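Trainee: I would like to learn how to read a protein model step by step, beginning with a single residue. Could you guide me through one?

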Amino acid sequence: MKTTKFKSLLCAALCCMPLMASAEDVVQTRIGELTFTHDFASGYPTDATIDKLFDEIDFQRASQAYIWAIPLISMAQWQHAYNVTLGAENGQIVFLNGYDDILGGLTFNATTPYALVFIDLGKEPWVVHMPEGEVRGAAHDMWQREITSMTKPGKYVFVGPGQKAPAGAEKAGYTVHETPTNSIFLGIRLIPTDPDERKALLNKVDIYPFAERNKPNPRGYITPQGKRWSAAHPRGMDYWQRLSDIISKEPVEERDRFFMAMLKPLGIEKGKPFNPSDRQKRILMDGLLVGEAMAKAIDFKKTPRLEDAHYLDGSRWDIDTTSPPDQRREHYDALDGRASWFYEAVTNNLAMHGMETGEGQVYLTSYKDTDDEFLDGARNYTLHIPPKAPAKLFWSLTLYEVDGRDIIHNEYKVTDRSSRMDLLTNKDGSVDLYFGPDMPKGKKQNWIPTEPGRAFFAMLRFYSPGKTLLDRSWVLPDIERVK
């Protein structure tokens, strides 16, 4: 009995003693130390660790949201520049002709005049009347997917999401297109080389609401008139403001619902004002910086990550169009491919995929020289174009700023050289081009000036590519630094 009573008293005493707390477990990760109340598997994350993890979750989502939104923000910023900076009305064409006008456009061709317009279909369908003559066009949605080409004269009606197609429109001779976004973008190409013919043709392109069809009031066109504008993706909170605005304006596609969930804790939610807290601003700015850095990495190091970019083994030229026009692969959407293309360019249609189709255009870009060093405006370079360049219409070499991906800035207002120009040609028909801060003696007409302090890249366009380009029997050499 005494032994049993002693055991009972000892047990009662032990039960009343506090248990020794288990030691915290500290786990080393790429984001620093994470602390748990017990070992990692069975413990809770501490409050400080939870705060760190939520910050990291939101930072990672902000970085990926930057990449995901690149094609959409490009169009939203472009539309904002037209409406706010240049003062264009809804449906009013902006006519860009010459070096000063096209500064600000992503990888525009300096030798091509542009007639470009945004139409907000939010309230009603609109009509685009393409006249007889040498004029072509294409309509794209705000994700930069082609809605339709407009290669034939006629009246095209565009109907926004949720709107009813006008009754009897097709019987009345209109071509009706339903659009996936409330705003659309139209690129119009005026073929004539004579400026007067071009202007006369532009004046015949009529854009107006369908409700005005019986008494049209075309919105006409404007020019920049010296105003500086930019379609480059904003740096700073403007990027996220544009995203918040365009998300509230446009329908959410099924493919994007997870991104909507990622943006919500960051203060970006459809139908709600963008008023981020200090914490959200800090994370958004960090995500913006890393997101753009990631976009640069994807764009400027296309191969081997993007298989469509491969031109030739060992070549420092890439095929630039890395996303299908519809942005879809068999089992996934071309997230990195469209980020690469739309970080530095705008719109995407089948005509831009000449290496696959054998028609339209081929775009080759280079960011490095033969020494595998990035192109620098302080250095002088040469590029040898071998004879019989495979472009049935013409080829054109243009230099662009890395900063805004627009035409290179210089006091000469010279940014490209092409086979349509009076270039110095070698005896075998080849051409040597020069670019750098120093004008090569006696070769000014083959020179594109660059300026120190800025990086640039080169794009060589082939219009109507020839067979030897497609089968790689004609090889474009790398850009060589002059030492």
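Mentor: Let us begin with valine 157, whose place is in strand 8, residues 154–159. Please keep in mind throughout that this is a predicted model.

Trainee: Is valine 157 buried or exposed?

Mentor: The general idea is to compare the relative accessible area with a cut-off, and buried means under 20%. Valine 157 has a relative accessible area of 0%, and therefore it is buried.

Trainee: Which residues is valine 157 in contact with, leaving aside its neighbours within four places in sequence?

Mentor: With those neighbours left aside, valine 157 is in contact with Pro125, Trp126, Val127, Pro166, Tyr174, Thr175, Val176, His177 and Phe210.

Trainee: How much of the contact in the protein chain comes from residues 24 or more positions apart?

Mentor: Among the contacts with a separation of 6 or more, residues 24 or more positions apart account for 70%. The protein chain has 10 helices and 21 strands, and its C-alpha atoms fill a box of roughly 120 × 65 × 40 Å along the principal axes.

Trainee: What share of the residues is buried?

Mentor: Of the 483 residues in the protein chain, 49% are buried.

Trainee: Which residues touch the most other members of the largest nonpolar core?

Mentor: A nonpolar core is read as a set of buried residues joined through their side-chain atoms. The largest one here has 66 residues, and those touching the most other members are Trp78, Tyr82, Trp240, Leu243 and Leu263. Helix 2 gives the most to this core, with 14 residues. A second, separate core has 28 residues, including Tyr381, Ala391, Ile448 and Leu460.

Trainee: What is tryptophan 240 in contact with, beyond its neighbours within four places in sequence?

Mentor: Tryptophan 240 is in contact with Ala62, Ala65, Tyr66, Leu263, Ile268, Phe274, Leu284 and Leu288.

Trainee: How do the axes of helix 2 and helix 5 cross?

Mentor: For a pair of helices, one reads the distance between the axes together with the crossing angle. The axes of helix 2 (residues 47–85) and helix 5 (residues 237–249) come within 9 Å and cross at roughly 75 degrees. Angles of 65 to 115 degrees count as roughly perpendicular, and helix 2 and helix 5 are therefore roughly perpendicular to each other. Among the residues making the contact are Ala62, Ala65 and Tyr66 of helix 2, and Tyr239, Trp240 and Leu243 of helix 5. By class, this contact has 14 nonpolar, three polar and two charged residues.

Trainee: Which peptide bond is cis?

Mentor: Here one looks at the omega angle: the bond from threonine 303 to proline 304 is cis, with omega near 5 degrees. Proline 304 lies in the loop between helix 7 (278–300) and strand 13 (317–319).

Trainee: Where is threonine 347 found, and what is its phi?

Mentor: Threonine 347 is found in the loop between helix 8 (335–344) and helix 9 (354–357), and its phi is near 60 degrees, a positive value in a residue other than glycine. At 9% relative accessibility, threonine 347 counts as buried. Lysine 413, in the loop between strand 16 (391–401) and strand 17 (416–418), likewise has a positive phi, near 60 degrees, but at 44% relative accessibility lysine 413 counts as partly exposed.

Note on methods
Residues are numbered from 1 along each chain as its sequence is written. This is a predicted model: local features need pLDDT of at least 70, side-chain atom pairs count only at pLDDT 80 or more; totals for chains, interfaces and linings use all residues. Side-chain values use heavy atoms; hydrogens and water are left out. Axes are lines fitted to C-alpha atoms, for helices over the stretch in contact, and angles run from 0 to 180 degrees between N-to-C directions. Helices (H or I, at least four residues) and strands (E, at least two) are DSSP runs, numbered from the N terminus. Angles under 35 degrees count as roughly parallel, over 145 as roughly antiparallel, 65 to 115 as roughly perpendicular and the rest as oblique. Contact means heavy atoms within 4.5 Å. Ala, Val, Leu, Ile, Met, Phe, Trp, Tyr, Cys and Pro count as nonpolar, Asp, Glu, Lys and Arg as charged, and the others, Gly among them, as polar. Buried means under 20% relative accessible area, exposed over 50%, partly exposed in between (1.4 Å probe, protein chains only). A nonpolar core is a set of buried Ala, Val, Leu, Ile, Met, Phe, Trp, Tyr and Cys residues joined through side-chain atoms within 4.5 Å.
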